[in-house]
Amino acid sequence: MKLLEYQTKSFLKKQGIPTESYTLCRTPDEAEKAYTTLGKKQVMVKAQVLTGGRGKAGGIQKASSIEETRMQAEKLLRLSIRGLPVQELIVSEAVAIDAEFYVSFVIDRKQKSVLLVMSREGGMDIEQVARETPDRVLKFAIDPLLGIPDYLARYFITQCVEEPSLWASGAVLLQNLYRLFVKEDASLVEINPLVVTRQKQWLAIDGKMVLDDNARFRHIEHEALAHWTEQEKKEQEAKKKGFSYLSLDGNIGCVVNGAGLAMATLDRLTDFGGRPANFLDIGGSSHSKKVKEAMELLLRDTAIKGVFINIFGGITRCDDVAMGLLEAFKELNNEIPIVVRLTGTNEKEGKELLCGGPFLVVDEMDEAVKKIVNLVNKAG
Amino acid sequence: MSILINKQTRLIVQGITGRDGRFHASRMRSYNPSIVVGGVSPYKGGEVVDGLPVFHSVFNAVKETQANTSIIFVPAPFAKDAIIEAADAGIRLIICITEGIPTLDVIDAYRWVQLKGAQLIGPNCPGLITPNECLAGILPGNIFQKGSIGIISRSGTLTYEVVHALTKQGMGQSTVVGVGGDPVVGLYYKELLALFEADEETKAMVLIGEIGGNAEEEAAAFIAQSISKPVVAYIVGRTAPPDKQMGHAGAIISSGEGTAQEKIEALKDAGVSVALSPSEIPLLLNQKVVNSR
């Protein structure tokens, strides 16, 4: 789950990492009030959206009066950035900046550890910096058994920062940021830019956090931080039923057991000229009730002009899947073509059950894919 | 020969009194009764599950059964402890089936496994099988056939699909390993390719990958450098949208990185044949083996 800038900053502050003063606003009136409360001439009005490229899209504006703040807030609240409507913004004090750094902790798959990433090129797209000037990006893998003891914090900060007066506070900041990462079960905590003010103080003026969904069971409080889009809400609802579901923009509904096979199914449908309407993994060990629930979830989508059910029976028994299908279609009135491909454990029993039903049963995956694509495309 | 597991494997099941542990203990046992030697369930030592002795801890189990391999079915919140327990008790190969473990838990557990010189497969994986000898996982044993193809995969059912296609063409398998779909897992392509390269029984390898991370690219570089046996790859998620997690926690294209296209290109550059569908894999393997003669 991704967090917005203001949510990230609230975590940073709680962990003792300084940020500039800011106020969260949802209306132009609130923005006006925030300007007065801040009591600074120069402010920034920043859209809060869960996507990158906010600055380039005009989501960050300067203002130097109460009228201008209102005007910018009105403008931003009408804006959509990469398809996401701006519903929240912050009014924050403009900071006089001496230097900008980049710092983050992230999960590194290859080293199977948390990685500290630092750079003197703050405020830039770090992936671009890493591509173009890899020597300007410092990376340190953190041993989970050690964490960041003082000596390592000192070592890291002196590798990246030249100004001696910033070392001690910078070392503590790194330790705090790592502590936050671990405490909240993050998969990314990023401060970009981490600035040095004219008064030689560290200040996190923009930040990003991603929380590990697998750790939700020990962070009930994270639930309240979610900003789901309508589509994501549907995905979350499906997740509670034990499905992995993603809505796509095509017209062929897919029900598959296993994430890898589901991806393979989408690839193959596209190869043969079809347009999948969704990704749906009903799980490696499914029973008839789940199959029925999956069909119900799918057929709510009116864009669907045909359904492809691709099951490889391993632990999942094909006859169980067939029972679920029969159950589902007893209640659902359905006119669209349904192609079923069942292979593996109890395949014969499963196919016998489906005989005479409203299904086209096909043995091989590619053959089945061609069949459903033809039927859907023919129907127009 | 084979890799990692064989007739001599002595396997215990951690979480054997749970629903999944119990079910799969029986299945693994019916595949080869002599492999599974016991189970572990906290405070349930002395019980018997499907004729197998249950122990309080892995320490007891190792002492009584000389187990060297463990398979873990315990729920996600307790999985870290279970992995570390196995490593601490001297288990050499730890297979973690559990899905949904927090990544930081896996990082911690992996570090302990490394420290104890053991090996970890998974988590969030289907386990592994050496056909006719040993099943240490949740794979459906009946679809496998003994042979000379080594398989490494990030996915479960997709592996079955590929194995089904191979078996139908009479191409049996030496060992099949599901490495798991999480961002951080234990043994991966590189280590397993090296094991298959050294295994006399394995004549060719199939690598099944998907979007997310860049392990396939690393595998490609490793193949170009150190692998002499033919390798065929199959990468899924060619049509996956960016920034969306495709079922597996690790299957996500982020900031434009981890795409199937990048992986396919890297593998092709390394001389690996890349299939577009499971049914194409046996054909490509045939070509490869003929060419290499």
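Mentor: Let's begin with one helix of chain A. The buried residues of α6(A) are Gly170(A), Ala171(A), Leu173(A), Leu174(A), Gln175(A), Leu177(A), Tyr178(A), Leu180(A) and Phe181(A). Buried means that 20 or more other C-beta atoms lie within 10 Å of the residue's own; exposed means 12 or fewer, partly exposed is in between, and C-beta atoms are placed from the backbone. Helices (H or I, at least four residues) and strands (E, at least two) are DSSP runs, numbered from the N terminus.

Trainee: What should I know about the model and its numbering?

Mentor: This is a predicted model: local features need pLDDT of at least 70, side-chain atom pairs count only at pLDDT 80 or more, and totals for chains, interfaces and linings use all residues. Residues are numbered from 1 along each chain as its sequence is written, while chains are lettered from A and ligands numbered from 1 in the order in which they are written.

Trainee: Why do residues three or four places apart in a helix point the same way?

Mentor: Now the span of our helix. Just after α6(A), Asp185(A) has a positive phi of about 55 degrees.

Trainee: Which residues have the most contacts inside the largest nonpolar core?

Mentor: First the general idea. In soluble globular proteins, nonpolar side chains tend to be buried together. A nonpolar core is a set of buried Ala, Val, Leu, Ile, Met, Phe, Trp, Tyr and Cys residues joined through C-beta atoms within 7 Å. Here the largest has 197 residues, and Leu280(A), Ile72(B), Ile83(B) and Ile94(B) have the most contacts inside it. Apart from it lies another core of 18 residues, including Ala31(A), Met44(A), Ala63(A) and Ile90(A).

Trainee: What does Ile83(B) touch?

Mentor: Leaving out residues up to four places away in sequence, Ile83(B) touches Ile72(B), Ile94(B), Cys96(B), Ala109(B), Val113(B) and Leu120(B). Contact means that two C-beta atoms, placed from the backbone, lie within 7 Å.

Trainee: How do I read the overall form of chain B?

Mentor: Start with its elements: 9 helices and 14 strands. Its C-alpha trace spans about 55 × 40 × 30 Å along the principal axes. Of its 293 residues, 60% count as buried. Next, the radius of gyration, taken over C-alpha atoms; the globule rule is 2.2 Å times the number of residues to the power 0.38. A compact globule of 293 residues would have a radius near 19 Å, and chain B agrees, with 19 Å.

Trainee: Into which domains is chain B divided?

Mentor: Domain bounds come from an automatic or database domain assignment. For chain B it gives domain 1 (11-121) and domain 2 (140-292). Their C-alpha centres are 27 Å apart. 9 residues of domain 1 of chain B are in contact with 8 residues of domain 2 of chain B. On the domain 1 side, α4(B) gives the most, with 5 residues.

Trainee: How many residues does each chain bring to the contact between A and B?

Mentor: Chain B brings 46 residues and chain A brings 43. On the chain B side, α4(B) again gives the most, with 6 residues. By class, that side has 24 nonpolar, 15 polar and 7 charged residues. Here Ala, Val, Leu, Ile, Met, Phe, Trp, Tyr, Cys and Pro count as nonpolar, Asp, Glu, Lys and Arg as charged, and the others, Gly among them, as polar.

Trainee: Where are the cis peptide bonds you picked out?

Mentor: Look at omega. One cis bond joins Asn192(A) and Pro193(A), with omega about 5 degrees. Pro193(A) is in strand β11 of chain A. Another runs from Gly122(B) to Pro123(B), with omega near 10 degrees. Pro123(B) is in the loop between β7 and β8 of chain B.

Trainee: Is Asn124(B) buried or exposed?

Mentor: Asn124(B) counts as buried, because it has 27 C-beta neighbours inside 10 Å. Asn124(B) also has a positive phi of about 55 degrees, although it is not a glycine. Compare Arg82(A): its phi is positive too, near 45 degrees. But Arg82(A) is exposed, with 12 other C-beta atoms within 10 Å.
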